[in-house]
Amino acid sequence: MLLSVEGVTKIFGRNVAVDKATFAVERPAMIGIIGRSGAGKSTFLRMMNRMTDASAGRLVFDGRDVLALKGAEKRAWQSQCAMIFQQFNLVPRLDVVSNVLHGTLNRHSTLATLFNLFPRSDVHRAIDILDRLGIAEQAPKRAEALSGGQQQRVAIARALMQDPHVILADEPIASLDPMNAQIVMDALRRIHEEDGRTVIANLHTLDTARRYCDRVIGMRDGRIVFDGTPEQLTTGAARDIYGADAGFSESATSTSIEALETGADADAAYASALMGD
Ligand SMILES: Nc1ncnc2c1ncn2[C@@H]1O[C@H](COP(=O)(O)OP(=O)(O)OP(=O)(O)O)[C@@H](O)[C@H]1O
Ligand SMILES: [Mg+2]
């Protein structure tokens, strides 16, 4: 067993943001997490990476309960479990290579990092990774001069610099146009397939989850209400995840419910409508 998530829970005051999340992953996989706004997707990723402490539960990766790690062991896990975000989180005025080299931050002294003193071998590796992602020629530019899709690939390169077992991606394509979204999702898929890294991505559209993931987890009100293959993610299953019967938003009209029966694109439109995008 690679990953075992056992009753992982996060409580904020009286709000149960993640409610006893439980699932197991046998071998490296690309997993999509879907669900409407507030379902608990980001909170789950943040607990997994230890940016937020869980209120209860165990999360065992490769035999270690990562929720129990402290100090240096916790930091080591955070570097094995790299995170990418919707807003890229690069240092805008810093050049691309330096941004990527910051992925090695855990391995170097703060002082060396402060002065951008990185070993030559790391610089070469950073450029190789950028090359693999098709953006080596951007290496000397400031991060802020790149397009969104390029910036997200820099963020992926920074993550890869940590040589992580797991890449957690929180809505990695939510700020990108369709073409850049595809380039970024293709890159994540390739990193999973070629390197055998596990990728867990929160995604806001059903069609992306269906197209790129081996497995989809659906969350609703903090609970995992679906866990299956893209094929098993039928219209009915999607309806349960997004809660069509309960709080039906005004923008999801009866027309979009009828359109639902026609397939994946309609599902995506429907999901977006429910979430008010
Ligand atoms: N720091 C916090 N303090 C209090 N409540 C929080 C905090 N972070 C998240 N929550 C609450 O936890 C619940 C889950 O939030 P979370 O951000 O995980 O949802 P999400 O599925 O990622 O939503 P979105 O699709 O909008 O990103 C929400 O009710 C949210 O208001
Ligand atoms: Mg979120």
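Colleague: Which residues does Q151 touch, not counting residues up to four places away in sequence?

Modeller: This is a predicted model, and contact is judged here by C-beta atoms, placed from the backbone, that lie within 7 Å. With residues up to four places away in sequence not counted, the residues that Q151 touches are F88, L90, A143 and L146.

Colleague: Is Q151 buried or exposed?

Modeller: Q151 has its place in helix α6, which covers residues 148-161. A residue counts as buried if 20 or more other C-beta atoms lie within 10 Å of its own. Because Q151 has 26 other C-beta atoms within 10 Å, the answer is that Q151 is buried.

Colleague: What separates the C-alpha atoms of Q151 and Q138?

Modeller: Along the chain, Q151 and Q138 are 13 residues apart.

Colleague: Which are the edge strands of the open sheet of 6 strands?

Modeller: The order of this open sheet, whose pairing is mixed, runs β6-β7-β8-β3-β9-β10. An edge strand here pairs on one side only, and that describes β6 (81-85) and β10 (223-228).

Colleague: What angle does the direction of helix α9 make with that of β10?

Modeller: Helix α9, residues 235-242, packs on the sheet and touches β3 (30-34), β9 (215-220) and β10. Between the direction of helix α9 and that of β10, the angle is about 160°.

Methods. Residues numbered from 1 in each chain as written. Chains lettered and ligands numbered in written order. Predicted model: local features only at pLDDT ≥ 70, side-chain atom pairs only at ≥ 80, totals over all residues. Helix = DSSP H or I, 4+ residues; strand = E, 2+ residues; numbered from the N terminus. Buried ≥ 20, exposed ≤ 12 C-beta atoms within 10 Å, placed from the backbone. Contact = placed C-beta atoms within 7 Å. Pairing = 2+ DSSP bridges. Axes fitted to C-alpha atoms, helices over the stretch in contact; angles between N-to-C directions.
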